[in-house]
Amino acid sequence: MDRIDPLDILFLINAIYFKGTWAEQFDKDVTYERDFHLLGGSTTKRMMMQQDGKYQYFAADGFQAVSLPYGSGRLSMYLFVPEKEDGLPDLLEQ
């Protein structure tokens, strides 16, 4: 039978790769290792980037968000960060 399992389709969709160039490049010299908090309360060490500049920013009750543009600014990565370390479930519910 010529059928694709729906779970296989989800796997293929998640395999799409985007290779964009930031409008403002991150400086590798200010990249550092820091705790990354996981659901359930555990932490793991991950490399963190930082950037100063003027970006679209939004703050509301329980979270902050920022838009980091690629290239000419037509595309952006939107990052949403919960206010509290254990605030992801609440943020997702919002």
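**Entry 1**

I began with Q56, whose bridge partner in β4 is S67. I note that this is a predicted model, in which local features need pLDDT of at least 70 and side-chain atom pairs count only at pLDDT 80 or more, while totals for chains, interfaces and linings use all residues. Residues are numbered from 1 along each chain as its sequence is written, and side-chain values use heavy atoms, with hydrogens and water left out.

I took strands (E, at least two residues) and helices (H or I, at least four) as DSSP runs numbered from the N terminus. Two strands pair if DSSP finds at least two bridges between them. β3 and β4 pair in the antiparallel sense over five bridges. Their hairpin has two residues between the strands, and G62 there takes a positive phi near 95°.

F58 is found in strand β3, residues 56-60. F58 counts as partly exposed because its relative accessibility is 49%. Its C-alpha atom is separated by 9.2 Å from that of F80, 22 residues apart along the chain.

L68 has its place in strand β4. L68 is at 11% relative accessibility and therefore counts as buried. From L68 to Y78 I read 6.4 Å, C-alpha to C-alpha, for a pair 10 residues apart in sequence.

I located S72 in the loop between β4 (63-70) and β5. S72 is exposed, with a relative accessible area of 74%. The C-alpha atoms of S72 and T21 are separated by 9.4 Å, although the two residues are 51 apart along the chain.

**Entry 1: strands β1 and β2**

I found that β1 (residues 32-37) and β2 (residues 43-48) pair in the antiparallel sense over six bridges. R34 has R46 as its bridge partner in β2. The two strands form a hairpin with five residues between them, and G40 in the turn has a positive phi of about 95°.

I searched next for salt bridges, each being a side-chain nitrogen of Lys or Arg within 4 Å of a carboxyl oxygen of Asp or Glu. The count by this rule is one salt bridge. The side chains of D35 and K45 meet in a salt bridge at 2.9 Å, N to O. D35 lies in strand β1 and K45 in strand β2, so this pair ties together parts that are 10 residues apart in sequence. D35 is partly exposed at a relative accessible area of 35%, and K45 is partly exposed at 46%.

**Entry 2: surface patches**

I counted as patch members residues with over 30% relative accessible area and no salt bridge, joining like charges within 9 Å and nonpolar side chains (Val, Leu, Ile, Met, Phe, Trp, Tyr) within 5 Å. E85, D86, D90 and E93 gather in a surface patch of negative charge. I placed E85 in the loop between β5 (75-82) and α2 (88-93). E85 counts as exposed because its relative accessibility is 60%.

L39, L88 and L92 form a nonpolar patch on the surface, with about 320 Å² of accessible area together; such areas come from the Shrake-Rupley method with a 1.4 Å probe. L92 lies in helix α2 and is exposed, with a relative accessible area of 66%.

Notes: Lys, Arg positive; Asp, Glu negative; His and termini not counted. Charge placed at Lys NZ, Arg CZ, Asp CG, Glu CD. Buried < 20%, exposed > 50% of the residue type's maximum accessible area, 1.4 Å probe, protein only.
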